[in-house]
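Please walk through the interfaces between the chains of this model, one after the other. What holds the reader's attention here is the contact surfaces and the residues that make them up.

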4 protein chains.
Amino acid sequence: MASYWGKHIHISVFGQSHAPAIGVAVDGLPAGEAVDLDKLQTFLQRRAPGRDSTSTPRKEGDVPEILCGLAEGRTCGAPLAAVIRNTNTRSKDYSELRDKPRPAHADYTAQVKYRGFQDVAGGGHFSGRLTAPLCVAGGIALQILARRGIHIGAHIRSIANAEDRPFQPLGEPLEVLDEVKRASFPVLEAQAGEHMRAAILQAREAGDSVGGVVECIVQGVPVGLGSPMFQGLEGQLAAALFAIPAVKGVEFGAGFEAARMKGSEHNDPFVMEGGAVRTQTNHAGGILGGISDGMPILFRAAFKPTPSIAQTQRTVRLSTESETELQITGRHDPCIVPRAVPVVEAVAALVLLDALLDRNADQI
Amino acid sequence: MASYWGKHIHISVFGQSHAPAIGVAVDGLPAGEAVDLDKLQTFLQRRAPGRDSTSTPRKEGDVPEILCGLAEGRTCGAPLAAVIRNTNTRSKDYSELRDKPRPAHADYTAQVKYRGFQDVAGGGHFSGRLTAPLCVAGGIALQILARRGIHIGAHIRSIANAEDRPFQPLGEPLEVLDEVKRASFPVLEAQAGEHMRAAILQAREAGDSVGGVVECIVQGVPVGLGSPMFQGLEGQLAAALFAIPAVKGVEFGAGFEAARMKGSEHNDPFVMEGGAVRTQTNHAGGILGGISDGMPILFRAAFKPTPSIAQTQRTVRLSTESETELQITGRHDPCIVPRAVPVVEAVAALVLLDALLDRNADQI
Amino acid sequence: MASYWGKHIHISVFGQSHAPAIGVAVDGLPAGEAVDLDKLQTFLQRRAPGRDSTSTPRKEGDVPEILCGLAEGRTCGAPLAAVIRNTNTRSKDYSELRDKPRPAHADYTAQVKYRGFQDVAGGGHFSGRLTAPLCVAGGIALQILARRGIHIGAHIRSIANAEDRPFQPLGEPLEVLDEVKRASFPVLEAQAGEHMRAAILQAREAGDSVGGVVECIVQGVPVGLGSPMFQGLEGQLAAALFAIPAVKGVEFGAGFEAARMKGSEHNDPFVMEGGAVRTQTNHAGGILGGISDGMPILFRAAFKPTPSIAQTQRTVRLSTESETELQITGRHDPCIVPRAVPVVEAVAALVLLDALLDRNADQI
Amino acid sequence: MASYWGKHIHISVFGQSHAPAIGVAVDGLPAGEAVDLDKLQTFLQRRAPGRDSTSTPRKEGDVPEILCGLAEGRTCGAPLAAVIRNTNTRSKDYSELRDKPRPAHADYTAQVKYRGFQDVAGGGHFSGRLTAPLCVAGGIALQILARRGIHIGAHIRSIANAEDRPFQPLGEPLEVLDEVKRASFPVLEAQAGEHMRAAILQAREAGDSVGGVVECIVQGVPVGLGSPMFQGLEGQLAAALFAIPAVKGVEFGAGFEAARMKGSEHNDPFVMEGGAVRTQTNHAGGILGGISDGMPILFRAAFKPTPSIAQTQRTVRLSTESETELQITGRHDPCIVPRAVPVVEAVAALVLLDALLDRNADQI
């Protein structure tokens, strides 16, 4: 298990879906940073269920209690810890999951790794619910970055075959990013959102689920964050993004499309713009040699369809080593992509804040 | 700068393209492992230039000297260090690169980050040449893994629009992987290779370059390697893969395609096969909840086209803050993808060996 | 700030003396380990105040709430988090400490490092109270180690000039270690305890304080834990011990006395004992080349006298850059050494458990 | 094995006593720092053997080759790597050491840990020779620190029962530190040096060895380096100091003596001095709450006597599990303390430089 992350901002995420609580400890936050708890709560609401009619109707408060790390509303240099109580604990019998693993879930791999001692209730530590504390940490990072002119926004780029327009690689007006944040369904084009919602509702009716792609843009990044090789910004972002359950692919700038391009098309020419060095296009996604080049950082994360579906599925019974069938009951999100949008922003914020602090450690 | 990596296997890569040498220190190799230096050299030759007529005709020896870490041909528990001398040092004047950054290279970002003190000759520490020591470390890891029945193979999945057939997600015969390793152009289907080579030669003639995708498969992985969240196998692999220059996207199993699938299509049903739990399909790419599920680990990395092209490009002159043009001279690989194939294998081997050792640290 | 520690067992300690809570997240505990909460509470009581008439009469419950990490009373592989509520929060005005730093406290250094944003109430994150969560983590580690035959005990070696007899370097009967654990004043010889208590009470009456030395023994350690150089057992233990407030020295085996010895006196001859390799003496303190040699690990930590004393002290007023005097009020332990004994055991347990898990990662 | 260290300055030490080479890779050096190679060589000479008639007469060049990391004589941001060739490789048969471990050496613990695969020649990776690359890294750090007004000096505080005068806790004139550095026998008082040399020569004649204490002072440290708990300066320094072979104890300021003091004696009163906050005494050794307080950092490290002695010693034969005797031949330093003085300075420099860079990462 390694549910901690970071070099300067160091977060330790803890909790299981049906344990008394989930939470996070965040070490290394610069002292003196105001934390606006209302703003944080507004951010957390974006990943809460029940925000749009396509998501699971279950309601959870998800109000974090800040246990420490603040003094008079500002970070005090000491680790900040926050916990969110689980109201919904061990309400039913999950023990069958030890024996009949759900396809595309971590039931089987956890059973082997933890030799049957893992907490299976509600997915235990593998639950998407663990993204809530991630959002607490990331939400605070977002506030710190915004104060330095670094703004992060994400939207649903696609769900099933329905696509939103991509972010403009050279940057979006901040109003556009803000609008997406306020929307109950985070897309740039309302029409695209309708198609996506239709695909989700259709999947739900069929006892099925759908996946999608989240696109994220980071604007206002200074030149020079990151490093070559193992501390490159792409690798740092990717490593953290894959910590979000269901992410199966990450790409930057032109991404996989770059593999089809010619150098003459892909190379972003340098230009002068208002006295600053910029690139005319942004196929690089704002990162050259692992280091930010001053253009918006642009990336996409692919989410697989929700593994919990109502349809009968084939699986095995581990105790008898025989094949069997499984019917998952209960209410599940037929698509977790809309709720994943703020989680992607949170992760991006943590990585960028860490990179910003790391830059300072380069010089004396 | 953070050119080190790993929790158990800890590598420190050093060197610049035109410094006296490049090399690597590898800490944490289990003691008692035989290192077959001939086999290692054969592996290194796969990334050496001039192997196929499409690559740069420049020849380099790239024979590493093992400075320490072995006793009587076996790892002795102490760090292993290897250096490769650079024969081609500072032959011409690179100083213009400080002022006129090459598009899509790290010249500009390095200039800002290192305030003009970076070594620009031949790309310095950003050079693809630094993948040679990575291959030394990875080549040793490959030998250790093979002894445990873990086999890694990669091929060119595509270059420009030419595509090789994908690996079979349920696994390839080892002979097939071996054959690709021996081939001068590493593809599964000869025909596909011809199309790719044609695309490369065409790009070269046009003073241009092309990108591509490398696909990698890891077979024989036991169930239970990796962890949820930040030490998940996907994140660990991605973080290390993005350390390879020019990688702009990484995906596992169905990857970005998973975002278009329904849960009922994507979920891999568990089945019994010869007394073992397996999945009937492998859209997960062998990883569930960040942990290996016993199926082949399958992933792809997208490489952007070589940034060095012969065509005139637009750039800026930093000293005068004005726009200008740039013509890159010298011989360059019009496509680095074929030489990247063993590098991807090397990186995969390091991550898998680290995960294998980490599993042991889970239990007492 | 870096209040996290460990390679395999990874702990994140959080909290301030007067924040809502203090606590710890512990990642990497092996799955399936029973946690006896009563035993844990008994252990925690040993560092609680008011146990002996020499310590501060203030009573705190210090009952940790386990938020997660357990399933059916056993570790489940997920991080374990525990919090202890602070009942005693911000009862008085501490703001003067920002301006008039207390000698030998961290008031001044924190003021500079955190630029005035640090939480000064009750010492904030620098408070000895933070050793309570350390004991929660260490108390669990002690239980896991005891199940593997590794037993840790500590006693007060000296307070002021009063000395207890040293541990026998070749090992103590476990009954002796248990007896010290049950004692209200943890010494081996009752007479020595009386002298120490007299010294403490005398200091209290004089408005003064005293320091002392804690000695710790770890028995049942297998040969081969630790590593040369930076992961040597001495360095690992020392690094963690200095995290306990007031520790100013750490020594192993003969320690500083070794510097006065001849090689012929100091070298521990190897002998065979019941079929096992042992040493005839144990000046090495059970560690050779950073690696455990199978003999008891023996070390001592020196604690400075409690910095809070009732006597008037000289200090400065930072705002006016002038010299002034300071009178610390309130009740303080005139000697924290007795309460530090279980903290030293806790720290030793965490380091040894980490080293035990690390050994497994050496081999595949 | 974990022969790497550091958060910002990251060093990887490699090599065995009789391998082709030993060396170090240093990542994270700030770019643009001039490296004076002559000055570095002068520093390295201080740990070379044969400098004083009391040390082993064997001469080694110990001239490091810088493989990379510099461009035009300055650090270029890329890792710096240096190797030192071993001229003296495998000249005799060391295989008996696998079976008959030398008392107080790591022969036995290495044999168990590395299952017989360790390199025993000359002590392998456990050899004191590995402090040479440590001095290369530390020697560069010393130059960088000196440019910022941070000066580090060490001397022999004692050998056997002969004692030099201690450093003045409030600081020494830099001339004094320089003088010790130039001396062939590094003490403050010539008379004390004579007594020490006599003790060493007497031990040599008796086929014996002696230990000692090295004291180190770091002057010019700004207030605010370090952190509470696990990244406290004491813990960071101690962890690194115990990586030096033969160190068995480390203490700061008053150290173990503090355990005998009263608070009213030990607490250092704050005073104003030339507009700056200082302390009137320096029992804290310049560190309060793990953080530098602006006073000189003062610490001592205890070295055990050289384990290799000419006298016959008792040991065991592992293959037959029987007791036997051992006679170590060859020439050995009867006291390694004089040569350890620059090693202690090197380690202090690395820790301080790391702490200096870490401070920058605290703020944005």
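A salt bridge here is a side-chain nitrogen of Lys or Arg within 4 Å of a carboxyl oxygen of Asp or Glu. The model is predicted, and the distances below are computed from its atoms.

Take the interface of chain A and chain C. By the salt-bridge rule, Glu65(A) pairs with Arg85(C), and their closest N and O atoms lie 2.7 Å apart. Polar contacts link 14 residue pairs across the interface of chain A and chain C, with both residues at pLDDT 80 or more. On the side of chain A, at least two residues each come from β2 (10–15), β3 (21–27), β4 (65–68), β5 (70–71), β6 (74–75) and β7 (80–85). Of the side of chain A that touches chain C, β2(A) gives the largest share, 5 residues. By class, this side of chain A consists of 22 nonpolar, 12 polar and 9 charged residues.

In overall extent, 43 residues of chain A are in contact with 43 residues of chain C. About 3,100 Å² is buried between chain A and chain C, and carbon and sulfur atoms give 59% of that area. Within chain A, the residues that lose the most area to chain C are Phe14(A), Leu67(A) and Phe117(A), which together make up 18% of what that side buries.

Now turn to chain B and chain A. Here 99 residues of chain B are in contact with 99 residues of chain A. The area buried between chain B and chain A is about 8,200 Å², with 63% of it on carbon and sulfur atoms.

How many salt bridges does the rule find across the interface of chain B and chain A? There are 4 salt bridges. One salt bridge joins Lys248(A) to Glu234(B), where the closest N and O atoms are 2.7 Å apart. Polar contacts across the interface of chain B and chain A amount to 37 residue pairs, both residues being at pLDDT 80 or more. Strand β11 (residues 247–252) of chain B supplies the largest share of the side of chain B that touches chain A, 6 residues. That side of chain B divides into 51 nonpolar, 29 polar and 19 charged residues.

Strand β11 (residues 247–252) of chain A and β11(B) run antiparallel and are joined by 3 bridges. Opposite Glu251(A) stands Gly249(B), in β11(B).

Notes:
Residues numbered from 1 in each chain as written. Chains lettered and ligands numbered in written order. Predicted model: local features only at pLDDT ≥ 70, side-chain atom pairs only at ≥ 80, totals over all residues. Heavy atoms only, no water. Contact = heavy atoms within 4.5 Å. Buried area = accessible area lost by both parts, 1.4 Å probe. Polar contact = N/O pair within 3.5 Å; in protein donor to acceptor, adjacent residues only side chain to side chain. Helix = DSSP H or I, 4+ residues; strand = E, 2+ residues; numbered from the N terminus. Nonpolar A, V, L, I, M, F, W, Y, C, P; charged D, E, K, R; others polar. Pairing = 2+ DSSP bridges.
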